[in-house]
Amino acid sequence: MRVHVLAFARLRELLDAAERSLELPTGARAGEAWAALVRACPALEGEASTTRFARNGRLVAFDEPLADGDELALLPPVGGG
Amino acid sequence: MFRIARDAVDARALEAILRDGDGGFVTFVGIVRGRGDDGRAVRGLSYEAYEPLAHAAFEEIASEARERFGDVRIAIVHRIGDLLVGEIAVAVAAAAAHRAEAFAACAYAVDELKRRAPIWKKEAYLDGASQWCENLQ
């Protein structure tokens, strides 16, 4: 299945892309998407503990199951205001 | 009124939330400071947002403010893109019948926005360096 990844701020810079398409085994979870990204982009290593995930615009846990066509956003610690 | 703005923010526009029964209107306007927290001279800021989730967060915060403080209306407008020192980064307003609820709701909305809205800030310094800034939890 294919998942559309969005990366913001610091994570966008580390990934060197604001968006990326990711091919994953059916039934993969958010954490597996993250692991695949870290393999492709080792600069992300060490960011997991401060990264939150949003699936289709809603915050989800690391073990959230993903579906084909999902949008998975990677959110570093916020700094608004 | 909840908005992510790409152009200059007009804080007066937040008065649109006022209703006939309102007797108190509190506005917080956050402005780009000329110094970083470490004292370095700032040239400007760059903000980005995950817009669908930012909107949802603004609406959720306003809904929580109503649960806590009663009949209050909240407006939140946050700028994104490149900003210069002195420009408005964020405007938050609360309108209510009386000042106590308006003050409390505005402070709550600002605090929660900083804590959890998916918005990120990068400071660019006059010396050419830049860095992402995290709000303290």
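This is a predicted model: local features need pLDDT of at least 70, side-chain atom pairs count only at pLDDT 80 or more; totals for chains, interfaces and linings use all residues.

Visitor: Why is B:Val92 called buried?
Guide: B:Val92 has 29 other C-beta atoms within 10 Å of its own. A residue is buried if 20 or more other C-beta atoms lie within 10 Å, exposed if 12 or fewer, and partly exposed in between, with C-beta atoms placed from the backbone. Residues are numbered from 1 along each chain as its sequence is written, while chains are lettered from A and ligands numbered from 1 in the order in which they are written.

Visitor: Where is B:Val92 placed, and what does it touch?
Guide: B:Val92 sits in strand β6 (residues 88-96) of chain B; helices (H or I, at least four residues) and strands (E, at least two) are DSSP runs, numbered from the N terminus. Leaving aside residues up to four places away in sequence, B:Val92 touches B:Phe28, B:Ile76, B:Cys106, B:Ala109, B:Val110 and B:Leu113. Contact here asks that the C-beta atoms, placed from the backbone, lie within 7 Å.

Visitor: Is A:Ala40 buried or exposed?
Guide: A:Ala40 is exposed, because it has 11 other C-beta atoms within 10 Å. This residue lies in helix α2 (residues 30-40) of chain A. A:Ala40 and A:Leu15 are 25 residues apart in sequence, and their C-alpha atoms are 9.0 Å apart in space.

Visitor: How do you know that the span of α1(B) agrees with what a helix should have?
Guide: The expected span is 1.5 Å times one less than the number of residues. For the 19 residues of α1(B) that gives 27 Å, and the end C-alpha atoms are 27 Å apart, so the two agree. Among the buried residues of α1(B) are B:Leu53, B:Phe58 and B:Ile61. The buried residues of this helix pack against β3 (52-55) of chain A as well as β1 (2-5), β3 (42-49), β4 (73-79), α2 and β7 of chain B. Just after α1(B), B:Gly70 has a positive phi of about 85 degrees.

Visitor: How do the axes of α1(B) and α2(B) meet?
Guide: They come within 10 Å and cross at roughly 145 degrees. Axes are lines fitted to C-alpha atoms, for helices over the stretch in contact, and angles run from 0 to 180 degrees between N-to-C directions. By class, this contact has 10 nonpolar, no polar and 4 charged residues. Ala, Val, Leu, Ile, Met, Phe, Trp, Tyr, Cys and Pro count as nonpolar, Asp, Glu, Lys and Arg as charged, and the others, Gly among them, as polar.

Visitor: What makes β2 and β4 of chain A edge strands?
Guide: β2 (19-23) and β4 (58-60) each pair on one side only, and two strands pair if DSSP finds at least two bridges between them. The open sheet has 5 strands in the order β2-β1-β5-β3-β4, with mixed pairing. Within chain A, β1 (residues 2-7) and β5 (residues 71-75) pair in the parallel sense over 4 bridges.

Visitor: How many residues of chain B are in contact with chain A?
Guide: 21 residues of chain B are in contact with 13 residues of chain A. α2(B) gives the most to that side of chain B, with 4 residues. The side divides into 13 nonpolar, 3 polar and 5 charged residues.

Definitions and conventions
Two residues are in contact if their C-beta atoms, placed from the backbone, lie within 7 Å.
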